Amino acid sequence: MLIRERIEKTESEFLSPYATLSGKCLGRDMEEEQCDIRTVFQRDRDRIIHSKAFRRLKDKTQVFLTPEGDHYRTRLTHTLEVSQNARTIAKALRLNEDLCEAIALGHDLGHTPFGHAGERALDAAVKDYLDGVVGYHEGADPERPFGFVHSDQSVRVTELYEREGKGLNLTKEVKDGIKNHQTSTMPFTLEGKIVRLSDKLAYIHHDMDDAIRAKILTDEDVPAEIGEVLGYRTKDRLDRMIHDIVTTSFEKDDIAMSAECYGALMKMRDFMFDRVYTNPKAKSEEAKAEQLVLTLFEHFITNREAMPAEYVQLLKDGQYPERVVADFISSMTDRYAITLYNDIYVPKAWHG
C-alpha cells in the first residue's frame, strides 16, 4: 500500500462523516497521475506555496499602506493567520485539515496591490471600460464579468498564470473554497466554510491589533456590548470566536457560530469599519493608491503591447483586454506598482 493510500485510509477511519475525504476528491480539470506520498489536497497546498503569486503576497497591503514599522500585517501574514485559524478549527472538528490549509493559502492569490483600495479602483476601471464597449451590457457574457472581484481573480490566477501558463490545476474542492470565501457566497465543503469564517476572524483580530500598534485604537475603545460577549482583549476575542465555532459546529453538517457570538462579531466588524477602515489617519494615502491603479489601467488598456509577454500572448489567444490588463495590475506588489508608475509618468533627469 502506498503512503498516500495509507493517509487516505486513515482519513476514512478517523475523520468526521461530514469531512471531505482526499480519496473521494471530485478531481481536477485536467486529470493527472497521483503522487505516491501526498494526497490531492496536500499537493494543492504545495503548488500554492511554491507559486509566484503566493510569494508576491509579502509585498501587498493588508490594511495599512506603507506603514512605518516591521510588525504590521501584509497580505501574506494575513493569509498565514487565516490558515492557522482554519487548521485549528478543522482539527478540533475532525475535518480535512489539508483541504482547509490549501484553500486558506490560496484564497487571496488574486488580490490587488494596496489592499481593498486597489480592488475598488480596479473594479471601477473595468466597469468604466466595459460601459464604453459597444453592445456590451452587464451579464451579457459570463466569461466577461462586469468589474473585478479578488476571489474570482484568485481562481483565475491558478488556472492561467503559473507553471508557464499551464496553471496549478487545483482540485475542484480547493477552487470552490477559494472562489467562495467572501461573505456573499458559500462553499460546498465544510472545510471551505471554515476558511470563509476564519478569514473574517483573522482580519478583524489582526486589524484591531495593528490599529492598537498604530495608536488609532486601544482595547478599551471596544464597546462593552462586544466585550461582554467576545472579551476585552484582542487575543481573548480570537480565542472566544474559535471556541464558539468549534462548540456550535461539533458533530454537525455545517460550520457556524452561535447567534450571540456572530452578532457580536458583526458589531465588531462595524466598529472596525467606523474607527479603522475609514479612519483618515489609517487611510490617508488610499486616494493616491486608487488614482495610481486607475492611471495604470488606462495606460495599459491603450498600450497593451507594453505588458509582459505572457499577458500579450493571452490577448492574442482571445482573452478580453480589460481582463488581461486587470490580471497584470492585480498581480503587482505595492512596490512594483509604484515603481512602474514612476517609470511611466515621472520625468527623469536629463544628462547631456
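Q: Which residues touch the most other members of the largest nonpolar core?
A: Val174 and Ile194, in a core of 64 residues. A nonpolar core here is a set of buried Ala, Val, Leu, Ile, Met, Phe, Trp, Tyr and Cys residues joined through side-chain atoms within 4.5 Å, with buried meaning under 20% relative accessible area (1.4 Å probe, protein chains only).
Q: And which helix gives the largest share of this core?
A: Helix 9, residues 190-213, with ten residues; helices are DSSP runs of H or I, at least four residues, numbered from the N terminus.
Q: Is this predicted or what, and how are residues numbered?
A: It's a predicted model: local features need pLDDT of at least 70, side-chain atom pairs count only at pLDDT 80 or more, and totals for chains, interfaces and linings use all residues. Residues are numbered from 1 along each chain as its sequence is written, and side-chain values use heavy atoms, leaving out hydrogens and water.
Q: What does Ile194 touch, leaving out residues up to four places away in sequence?
A: Ala86, Ile89, Ala90, Leu93, Leu95, Cys100 and Ile255, where contact means heavy atoms within 4.5 Å.
Q: Switching topic, how many cavities of 30 Å³ or more turn up?
A: Two, from a search of the whole structure. A cavity is a set of points on a 1 Å grid over the protein atoms alone where a 1.4 Å probe fits but cannot get out; lining residues have an atom within 4 Å of a point.
Q: What lines the largest cavity?
A: Ser16, Tyr18, Leu93, Leu95, Leu190, Ser249, Glu251, Lys252 and Ile255.
Q: Which helix gives the largest share of the second largest cavity's lining?
A: Helix 11, with four residues.

Terms used
Buried means under 20% relative accessible area, exposed over 50%, partly exposed in between (1.4 Å probe, protein chains only). Helices (H or I, at least four residues) and strands (E, at least two) are DSSP runs, numbered from the N terminus. On a 1 Å grid over the protein atoms alone, a cavity is a set of points where a 1.4 Å probe fits but cannot get out, and a pocket is an open set with protein on both sides within 12 Å along at least five of seven lines; lining residues have an atom within 4 Å of a point. Grid points are joined across faces, edges and corners, and a volume is the space filled by probe spheres set on the points.
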